[in-house]
Structures are given as C-alpha cells and as structure tokens.
Amino acid sequence: MKRSLALFAVLLLILPLCSCAAKPAEQSFFAMNTVMSVRIWHDDGAAADAAAVQALVNTLERALSVTNPGSEIAQLNGTGSGTLSDDTLYLLEKTLALSARTGSALDPTLYPIVRLWGFTTDAFRVPSEEEIAAALKSIGTEHITQSGNTVTLADGTMLDFGAVAKGYAAQKSAEFLTRSGVEAAMLSFGGNIQTVGSKPDGTDWKIGIQDPFDAASNAAVLSLSGSGAVVTSGGYQRYFEENGETYCHIMDPKTGAPVQGDLASVTIVAPNGMLADGLSTALYVMGFDDACEFWRTSDDFEAILITNAGDIYITEGLDGRIDGAQYQVITR
Ligand code: ADP
Ligand code: MG
C-alpha cells in the first residue's frame with residue numbers, strides 16, 4: 001500500500017513534466033495590426049527565442065509601417081526620397097521582382113488607391129471615378145528610382161508593403177530560429193503560418209485553412225512536413241459594405257478598385273514566407289483562370305483556391321495532403 005502510494009506520488013511529479021516536454025512554449029503578441037503567436041518545442045531558451053522573434057518583428061514594423069510617421073517607408077512616402085536600410089531595400093527589390101513576375105497583380109505602389117478607399121484609416125468610402133483616375137497616374141513600379149540604398153519616388157507615388165510584410169517577418173523569424181538551433185517551431189502571424197523543422201512526435205504539421213464563408217471554421221486541413229510557409233489572402237479578411245456592395249482590402253491595380261473577382265480565398269504553400277504572402281495576394285487579384293495558368297508556368301509553390309461559389313481547388317502537388325474537404329485537382 002505504502003509502496004503504491006509512493007509510486008503514485010512519483011508519477012504525479014513526473015507526469016506534468018512529461019506533458020510539459022511534449023507541449024510547446026507559446027508566446028503571443030500584437031504587431032503589424034494582428035495577433036501573432038510563436039510556438040517552440042524542446043528549447044531551453046524558448047522564452048528568449050520567442051522574445052527575440054517579437055523584437056525582430058517590431059523592428060521590421062518600425063521600418064515598414066505606412067501609418068507610423070517615423071518609419072522609413074512613411075518618411076519616403078512623405079518626402080519622395082529616402083535612404084533605406086539594407087533589410088528594407090532587400091524587401092523592396094524582392095517585391096519589385098514579384099511584381100514583375102505577376103504582371104503587376106502585386107504592386108507595392110498601390111498605396112494611394114488603398115488610402116483613397118479608406119483602408120488605412122478605417123474611414124471607408126467609395127471614391128469618384130475622377131479621384132481613382134487621378135490616383136492611378138502615380139501607380140506603377142516605373143515611378144520608383146533606386147540608386148544604391150537611396151530610393152526616389154515620382155510625385156504622388158507612395159509605397160506599401162502590406163501584402164508581403166507579415167510573410168517577410170515570418171520568413172526572417174523562421175531563419176532566426178533555425179540559426180538559433182531550434183528544431184521545431186510554428187509561427188502564426190495573422191493568416192501567415194510558417195513552420196520550422198519537423199514536429200517532435202514525427203507527425204506532419206496540421207494547418208487549418210480558414211473557411212472564407214465562416215471565419216470560425218476550417219474549409220480544409222493541410223498536412224505539411226518540414227519547414228515551409230502557408231499563407232492565405234481573401235477579400236473576407238477586411239472589407240466594408242456600402243449600398244449592398246462589398247469592397248475588400250485587396251485592390252486591382254488595373255481598375256484602382258477593390259478586386260471583384262471569382263475567388264473567395266487563395267492559400268499559397270511555398271518554402272519561403274515572403275514569396276507565399278506576395279503570391280497569395282497576387283493570385284487573388286488574378287482570379288481563378290489566370291491563377292491556374294500562373295501556377296502552371298511556375299515551379300516554386302502550390303495553391304488552394306476557394307471560389308466564390310464555394311468550390312475548393314488544389315494544385316496537384318497538394319493531392320493527398322488535404323483532409324476534411326471535397327476538392328478538385330488542378331493539373332499541369
Ligand atoms: P493581409 O495583409 O490582410 O493578410 P494581404 O497579404 O493580401 O492580406 O495584403 C493586403 C494588403 O496589401 C492591403 O491591406 C494593402 O495594404 C495592400 N494591397 C492591396 N492590394 C494590393 C495589391 N494588388 N498589390 C500589393 N499590395 C496590395
Ligand atoms: Mg499577401
């Protein structure tokens with residue numbers, strides 16, 4: 001009796017330790033207008049590593065924010081010229097390359113249009129056609145001149161990295177954790193998921209893909225092994241309604257108006273977070289047919305497209321990795 005009691009006491013002491021070891025250390029914080037969470041498994045320095053991720057994201061936000069008057073980008077937008085830090089310049093160059101690759105579906109100069117529709121201030125409004133036509137004159141990456149770290153913008157042109165900043169932050173955070181020797185971590189930066197290494201129990205990462213028609217549930221669950229990024233963009237994430245019309249926060253550079261396409265959401269699965277973030281926005285702008293065609297001529301990502309009709313399509317590389325949904329496969 002005494003012995004079993006002693007054993008029971010020992011088990012009581014051990015069990016919580018076991019479950020702790022299997023559970024990740026988790027830290028959440030608010031940055032880039034969203035809740036971010038960092039989960040790290042089996043790392044004695046998890047708290048310090050998570051704090052370093054938060055500091056890294058805060059530093060990027062201080063440089064990139066369009067609304068913080070002290071940021072590099074806000075100063076560049078305000079004065080038309082500025083000397084960018086190496087990190088910001090790198091992001092600009094990568095974004096310009098992605099803009100060219102997507103036929104300007106992704107366009108970092110759209111900020112005057114985003115602002116015109118009230119998305120930066122929450123003072124939403126439908127602008128007149130004249131206002132849109134005037135703003136469109138300063139849209140286009142040809143209005144950006146770069147010489148070393150010095151960037152100059154044409155009159156009226158302004159930059160906004162809203163479509164890639166969270167993915168870039170997640171990518172940089174994942175690289176930092178890998179360098180720190182972390183073997184398993186998952187970052188969730190408001191719709192941007194980034195995994196580091198493999199789950200300690202050897203099973204696949206399970207990533208819920210939000211149902212664009214019901215934010216509280218998943219449309220599907222994706223299995224992913226190893227390090228990678230899963231990023232979703234959709235009009236349902238931020239929008240306003242006026243006179244029965246819905247206007248979302250993703251803009252069509254061709255029209256200067258919110259995208260009115262046939263997609264409800266686009267999820268990109270790619271090795272790199274910034275690429276995945278930029279492409280999720282760009283393919284949402286393209287619409288279903290062009291998005292499929294774009295994937296067929298690419299070899300660095302897979303995608304889940306959910307149409308406004310509620311149909312789920314996946315590119316063939318994801319076949320067998322989706323649970324909880326009926327889907328059709330897009331082939332090459
Ligand atoms: P979220 O940031 O909500 O996850 P996205 O990654 O799709 O969504 O980025 C949307 C943001 O990018 C908008 O809030 C706006 O600041 C900016 N933006 C909107 N349309 C475009 C576009 N076509 N190209 C580049 N940036 C855009
Ligand atoms: Mg994006």
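Predicted model: local features only at pLDDT ≥ 70, side-chain atom pairs only at ≥ 80, totals over all residues.
Residues are numbered from 1 along each chain as its sequence is written, and side-chain values use heavy atoms, with hydrogens and water left out.

Let's start with the helix pair. The axes of α7 (residues 165-179) and α8 (residues 273-286) come within 7 Å and cross at roughly 165°. These axes are lines fitted to C-alpha atoms over the stretch in contact, with angles running from 0 to 180 degrees between N-to-C directions. On the α7 side, the contact (heavy atoms within 4.5 Å) is made by Ala 165, Lys 166, Gly 167, Tyr 168 and Gln 171, and α8 brings Gly 273, Met 274 and Asp 277. Sorted by type, the contact residues are three nonpolar, three polar and two charged.

Now for strand β15 (residues 263-270). Eight of its eight residues are buried, so β15 is largely enclosed by the rest of the structure. Buried means under 20% relative accessible area, using a 1.4 Å probe and protein chains only. Here are its pairings, where pairing takes at least two DSSP bridges between two strands:

| Partner of β15 | Bridges and sense |
|---|---|
| β10 (residues 228-234) | six bridges, antiparallel |
| β16 (residues 302-307) | six bridges, antiparallel |

Val 230 stands opposite Val 269 of β15, while Thr 267 has Ile 304 in β16 as its bridge partner.

Notes: Chains lettered and ligands numbered in written order. Helix = DSSP H or I, 4+ residues; strand = E, 2+ residues; numbered from the N terminus. Nonpolar A, V, L, I, M, F, W, Y, C, P; charged D, E, K, R; others polar. Buried < 20%, exposed > 50% of the residue type's maximum accessible area, 1.4 Å probe, protein only.
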